[in-house]
Amino acid sequence: KEEVKDRKKRIARETESIQQLPSVEKQFFTKVREALDSSQAWTEFLKILELYSAEVIGESELIAVAADLFNKPGCASLLDELQFILERSQVDRGPEFDLLKMPLSEQDYSNSEHCSPSYWKISDQYPKLVCSERSPEDQS
């Protein structure tokens with residue numbers, strides 16, 4: 001009985017999370033949940049997404065595991081939709097996201113202004129970082 005309650009709570013949380021997504025992603029996750037006939041397959045899909053978002057696995061591993069999960073009649077289009085969503089998310093992040101992921105010590109400063117013997121000016125393309133929990137007086 002307790003297991004049934006936990007499962008219902010988990011499904012409610014997942015449904016709430018899905019409802020907060022943009023419409024394309026919402027439709028995709030709804031289709032995937034309906035297409036994966038067992039809760040075990042749905043859970044496995046969520047786990048691989050979690051591993052991907054934590055950067056434990058790469059996009060190719062995500063696609064490979066998803067292809068295995070979607071390897072049944074009527075699910076072929078789901079893999080195409082997943083690839084479309086991944087490609088779109090890469091474009092949405094833009095080059096600024098890539099700059100933030102790369103340590104400053106590994107960035108190319110060959111075209112940058114030399115401020116002192118040991119300092120280079122950061123590119124104007126580098127996104128301005130927002131400092132949280134500062135009062136207006138601290139920011140001045």
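How many aromatic pairs does the structure hold? I looked this up first, keeping in mind that the model is predicted. The count came out as five aromatic pairs.

**Entry: the rings**

I began with Phe-28 and Phe-29, which form an edge-to-face pair. Their centres lie 5.4 Å apart, and I noted 70° between the planes. That label follows because planes over 60 degrees apart count as edge-to-face. Next I checked burial for both residues. Phe-28 has a relative accessible area of 1% and is buried. Phe-29 comes out at 16% relative accessibility, so Phe-29 counts as buried too, the cut-off being under 20%.

I then followed Phe-29 to its pair with Phe-45. Here the ring centres are 6.1 Å apart and the planes meet at 55°, so I wrote this pair down as tilted. The pair links distant parts of the chain, since Phe-29 sits in helix H2 and Phe-45 in helix H3, 16 residues apart. Like Phe-29, Phe-45 is buried.

Stepping back, I traced the ring pairs as a network. They join Phe-28, Phe-29, Trp-42, Phe-45 and Phe-70 into a cluster.

**Entry: the core**

Which residues of the largest nonpolar core touch the most other members? I found Phe-28, Val-32, Leu-36, Phe-45 and Phe-70, out of 22 residues in that core. Helices H2 (23-35), H3, H4 and H5 (76-101) each supply at least two residues. H3 gives the most, with six residues. As a reminder to myself, nonpolar side chains in soluble globular proteins tend to be buried together.

I took a further look at Phe-70. Setting aside neighbours within four places in sequence, I listed its contacts as Phe-28, Val-32, Leu-36, Phe-45, Cys-75, Ala-76, Leu-78 and Leu-79. Four of these names, Phe-28, Val-32, Leu-36 and Phe-45, were already on my core list.

**Entry: H3 against H4**

How do H3 and H4 run relative to each other, roughly parallel or roughly antiparallel? I got an angle of about 175° between helix H3 (residues 39-53) and helix H4 (residues 59-69), with the axes 10 Å apart. The two helices are therefore roughly antiparallel, as angles over 145 degrees count that way.

For the contact itself, I noted Ala-41, Glu-44, Phe-45, Ile-48, Leu-49 and Tyr-52 on the H3 side. H4 brings Glu-59, Leu-62, Val-65, Ala-66 and Leu-69. Sorted by class, the contact has nine nonpolar residues, two charged ones and no polar ones.

Methods. Residues numbered from 1 in each chain as written. Predicted model: local features only at pLDDT ≥ 70, side-chain atom pairs only at ≥ 80, totals over all residues. Heavy atoms only, no water. Axes fitted to C-alpha atoms, helices over the stretch in contact; angles between N-to-C directions. Helix = DSSP H or I, 4+ residues; strand = E, 2+ residues; numbered from the N terminus. Parallel < 35°, antiparallel > 145°, perpendicular 65-115°, else oblique. Contact = heavy atoms within 4.5 Å. Nonpolar A, V, L, I, M, F, W, Y, C, P; charged D, E, K, R; others polar. Core = buried A, V, L, I, M, F, W, Y, C linked by side-chain atoms within 4.5 Å. Buried < 20%, exposed > 50% of the residue type's maximum accessible area, 1.4 Å probe, protein only. Phe/Tyr/Trp six-rings, centres within 6.5 Å; stacked < 30°, edge-to-face > 60°.
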